[in-house]
Amino acid sequence: MKVTVIEPLNVDMTEVKNMFKEKGIDFVVYETKAKDANELYERAKDSDVLVIANTKFPNEVLEKLEKTKYISIAFTGFDHIDVEKAKSMGIVVSNSRGYSDICVAELVIGQVLNIYRELNKRGVHSGYEIHGKTVGIIGYGNIGQRVSKLFSSFGASTIYYDPHQVGTSTLEEVLRSSDILTLHIPLNKETENFMNYDKLSLLKPTAILINTARPSVLNTNDLARILKEKRIYAVALDVFNDYDLLKEYDNVFVTDHIAYLTHESMVRRLKICIDNVIQYIDGNIQNRVN
């Protein structure tokens, strides 16, 4: 059996390599990203099991895989691979859910503190407190729930919208009531452009909007329109499309998709995605997404 890690996972793989060697499994790790689809295919073509991170895995590569039967994604999101296409080919796909819950939630708090207290601004200036604010959470999975706990520890009130959870508020209630609105929904056909002009228009003009989920759950053109109309206090984006539409606004704060990225989370990610592989080899499937 051959297991191939087709891109770097940003953590020491020595112990993992030794473990697979002891099991008699051919284990290959690539320490650079593939330059194009052809190189991606060359890396993957002879493998029974693939480990991928966030590199786009196009159907033109997937369709040519004759040997691969299992893919472990070292990421929570899986919209960069056609999991239904993989399923039709008999390929099981799992993700590494849970590895970034802590660090994503912590970054959300950091983004709000940065905006409310203007941490990059020199001199004496007055800011705002999280205490007493209403925090709206769109998507109340593990990350959304952890975000809620952190904000509650600051003395904020939290409300959430999630059609898959019991006790959810209405979407309109969350949008109209929130001083801080944070997005934690996956990207799929139902959530693409979920936050559009109509929904953004319901926010308070004093509200902060935060997106650490996926870029396309927020319509960038509509957000730019809201910013131009001065109908929102500030926006913090860890993921985004078309930054050129937003860069003129000094109340837009961006980080370059680092919410998931800490030393600790990378160790957790490796453990989860490799455990997925081991469980598959042993005849068990966990964290399946297709």
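**Note on a predicted single-chain model**

1. G77 sits in the loop that runs between β4 and α4. G77 counts as buried, because its relative accessibility is 17% and the cut-off for buried is under 20%. Its C-alpha atom is 8.5 Å from that of S96, while 19 residues separate G77 and S96 in sequence.

2. A74 belongs to the loop between β4 (70-73) and α4 (83-88). With a relative accessible area of 0%, A74 is buried. Which residues does A74 touch, not counting those up to four places away in sequence? They are L9, I52, A53, S96, Y99, R269 and C273. V104 is 30 residues from A74 in sequence, and the two C-alpha atoms are 16 Å apart in space.

3. K67 is placed in the loop between α3 (59-62) and β4. Its relative accessible area is 40%, so K67 is partly exposed. Apart from neighbours within four places in sequence, K67 is in contact with K45, D46, S47 and D48. The C-alpha atoms of K67 and A44 are separated by 9.2 Å, and these two residues are 23 apart along the chain.

4. Next, the chain as a whole. The protein chain contains 10 helices and 11 strands. Its C-alpha atoms fill a box of roughly 60 × 40 × 35 Å when taken along the principal axes. How does the radius of gyration agree with that of a compact globule? For 290 residues such a globule would have a value near 19 Å, and the chain has 21 Å, which agrees.

5. Of the 290 residues in the protein chain, 49% are buried. Taking contacts between residues at least 6 apart in sequence, 60% join residues at least 24 apart.

6. The record gives "domain: D-isomer specific 2-hydroxyacid dehydrogenase catalytic" for residues 13-290. Over residues 13-290 the model has 34% helix and 14% strand, with the end C-alpha atoms 27 Å apart. UniProt also places "domain: D-isomer specific 2-hydroxyacid dehydrogenase NAD-binding" at residues 121-259. Residues 121-259 are 23% helix and 18% strand, and the C-alpha atoms at their ends lie 22 Å apart. These names are the record's, and such annotations may be inferred rather than shown by experiment.

7. The largest pocket holds about 1100 Å³ of space. Its lining is made up of 39 residues, and T76, H184, I185, P186 and L187 are the ones nearest its centre. Which helix supplies the largest share of this lining? That is α6, with three residues. Both α5 and α6 (142-153) contribute at least two residues each. By class, the lining of the largest pocket comprises 16 nonpolar, 16 polar and seven charged residues.

8. Cavities are a separate matter. How many cavities of 30 Å³ or more does a search of the whole structure find? It finds one. The volume of the largest cavity is about 40 Å³. Its lining consists of P215, L218, T220, L223, L237, V239, F240, N241 and L246. Seven of the lining residues of the largest cavity are nonpolar, two are polar and none is charged.

9. N10 is not a glycine, yet its phi is positive, at about 60°. N10 lies in the loop between β1 (2-5) and α1 (14-22). Is N10 buried or exposed? N10 is exposed, because its relative accessible area is 56% and the cut-off for exposed is over 50%.

10. E118 is the other such residue in this note. E118 is not a glycine and has a positive phi of about 50°. Where is E118 placed? E118 is in the loop between α5 (101-117) and β6 (134-138). Its relative accessibility is 30%, so E118 counts as partly exposed.

Technical notes
Residues numbered from 1 in each chain as written. Predicted model: local features only at pLDDT ≥ 70, side-chain atom pairs only at ≥ 80, totals over all residues. Heavy atoms only, no water. Helix = DSSP H or I, 4+ residues; strand = E, 2+ residues; numbered from the N terminus. 1 Å grid on protein atoms, 1.4 Å probe; cavity = no way out; pocket = protein on both sides within 12 Å on 5 of 7 lines; lining within 4 Å. Points joined across faces, edges and corners; volume = space filled by probe spheres on them. Nonpolar A, V, L, I, M, F, W, Y, C, P; charged D, E, K, R; others polar. Rg over C-alpha atoms; globule rule 2.2 N^0.38 Å. Buried < 20%, exposed > 50% of the residue type's maximum accessible area, 1.4 Å probe, protein only. Contact = heavy atoms within 4.5 Å.
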